[in-house]
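Thanks for coming, everyone. Please take a moment with the sequence and the structure, and then I'll walk you through them.

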Amino acid sequence: MDKRMFALGMATLASVYERLEKIASDEVLSEQWYRMLSDLSNEQFKYAVEAIIKTQKFAPTIADIREKALEYGREDELSSEEAWLIVINDVRKFGSYREPKYQDWKLEAAKNAIGWQSLCDMTEENKSIIRAQFMRIYDSFKNRQRQLELMNNEELEKIISKLARKLNSGSDEPRQALPG
């Protein structure tokens, strides 16, 4: 993000939230906030500022701004319920004869964690249990990805990419423990 966009966004936030006036007017504090937010794009930052002003009563923190900025362009991201419905529809459509491969690594990894055959062999008695497990797994991958994006940590990104490849390939190799 360029400094002009940051200054405009902080001035807008300061006009709504009195607590942010000091940050917007203090050069040292403002520089620190810019450093923590500078990896966001202009569009992400602008989206976050507008969304926060429309939805939050209290002044945002750096973390609040980063979290809201990551929602930009994510309107098409699946919820765990939507991911479950995709898998269940494919179970009905293909059965155990043809296992689909999904582009969304989180969906593919959650499917593989449960196992396609287990999904196909579900009964009415265990369907709610498998659904809950699938959704919990899918949400944990979404949360892990969100944490990665919030922290903008390249090392963690490599570990998650490696994990996704292993889970998506159905590899039996030992899995490296994830940090955190």
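Let's start with helix H7. Its buried residues are Trp105, Lys106, Leu107, Glu108, Ala109, Ala110, Lys111 and Ile114. One caution before I go on: this is a predicted model.

H7 covers residues 105-114. Eight of its 10 residues are buried, so the helix is largely enclosed by the rest of the structure.

Now look at the two ends. At the start of H7, a side-chain oxygen of Asp104 comes to within 3.0 Å of the backbone nitrogen of Lys106. After H7 comes Gly115, with a positive phi near 100°.

Stay with Asp104 for a moment. Asp104 sits in the loop between H6 and H7.

What does Asp104 touch, leaving out residues up to four places away in sequence? The answer is Leu78 and Tyr138. With Tyr138 there is also a polar contact between the side chains, at 3.1 Å. Asp104 and Ala83 are 21 residues apart along the chain, and their C-alpha atoms are separated by 9.5 Å.

**The whole protein**

Let's step back. The protein has 10 helices and zero strands. Along the sequence, the pattern reads α-α-α-α-α-α-α-α-α-α.

There are 180 residues in the protein, and buried residues make up 38% of them. Next, the contacts. Take those with a separation of 6 or more: 65% of them are between residues 24 or more positions apart.

Next, a pair of helices. Two packed helices are described by the angle between their axes and the distance between the axes.

Here the pair is H1, residues 3-16, and H3, residues 27-37. They pack at an angle of about 115°. Their axes are 11 Å apart. The crossing of H1 past H3 is right-handed.

Which residues meet? From H1, we have Lys3, Phe6 and Met10. From H3, we have Ser30, Glu31, Trp33, Tyr34 and Leu37. By class, this contact has five nonpolar residues, one polar residue and two charged residues.

**Aromatic rings**

Two of those residues come up again. Phe6 and Tyr34 form one aromatic cluster together with Phe45.

How many aromatic pairs are there? The count comes to six. One of them joins Trp84 and Phe134. A pair of aromatic rings is described by the distance of the centres and the angle of the planes. For Trp84 and Phe134, the centres are 5.5 Å apart, with 55° between the planes. That makes the pair tilted.

Where are these two in the chain? Trp84 is in helix H6, residues 80-94. Phe134 is in helix H9, residues 124-151. They are 50 residues apart, and the pair links distant parts of the chain. Both Trp84 and Phe134 are buried.

First up is Ala48, in helix H4. Its relative accessibility is 0%, so Ala48 counts as buried. Leaving out residues up to four places away in sequence, Ala48 touches Ile65, Lys68 and Ala69. Take Lys68: Ala48 and Lys68 are 20 residues apart along the chain, yet 5.0 Å separates their C-alpha atoms.

Next, Thr61. You'll find Thr61 in the loop between helix H4, 42-55, and helix H5, 62-69. Thr61 has a relative accessible area of 39%, so it is partly exposed. Thr61 and Leu20 are 41 residues apart in sequence. In space, C-alpha to C-alpha, they are 9.3 Å apart.

Last, Gln147. Gln147 is in helix H9, the helix that also holds Phe134. The relative accessible area of Gln147 is 43%, so Gln147 is partly exposed. Gln147 and Glu67 are 80 residues apart in sequence and 9.2 Å apart in space, C-alpha to C-alpha.

**To recap**

The protein has 10 helices and zero strands. H7 is largely enclosed by the rest of the structure. And the pair of Trp84 and Phe134 links distant parts of the chain, from H6 to H9.

Methods:
Residues numbered from 1 in each chain as written. Predicted model: local features only at pLDDT ≥ 70, side-chain atom pairs only at ≥ 80, totals over all residues. Heavy atoms only, no water. Buried < 20%, exposed > 50% of the residue type's maximum accessible area, 1.4 Å probe, protein only. Helix = DSSP H or I, 4+ residues; strand = E, 2+ residues; numbered from the N terminus. Polar contact = N/O pair within 3.5 Å; in protein donor to acceptor, adjacent residues only side chain to side chain. Axes fitted to C-alpha atoms, helices over the stretch in contact; angles between N-to-C directions. Left-handed = near helix turned anticlockwise from the far one by under 90°. Contact = heavy atoms within 4.5 Å. Nonpolar A, V, L, I, M, F, W, Y, C, P; charged D, E, K, R; others polar. Phe/Tyr/Trp six-rings, centres within 6.5 Å; stacked < 30°, edge-to-face > 60°.
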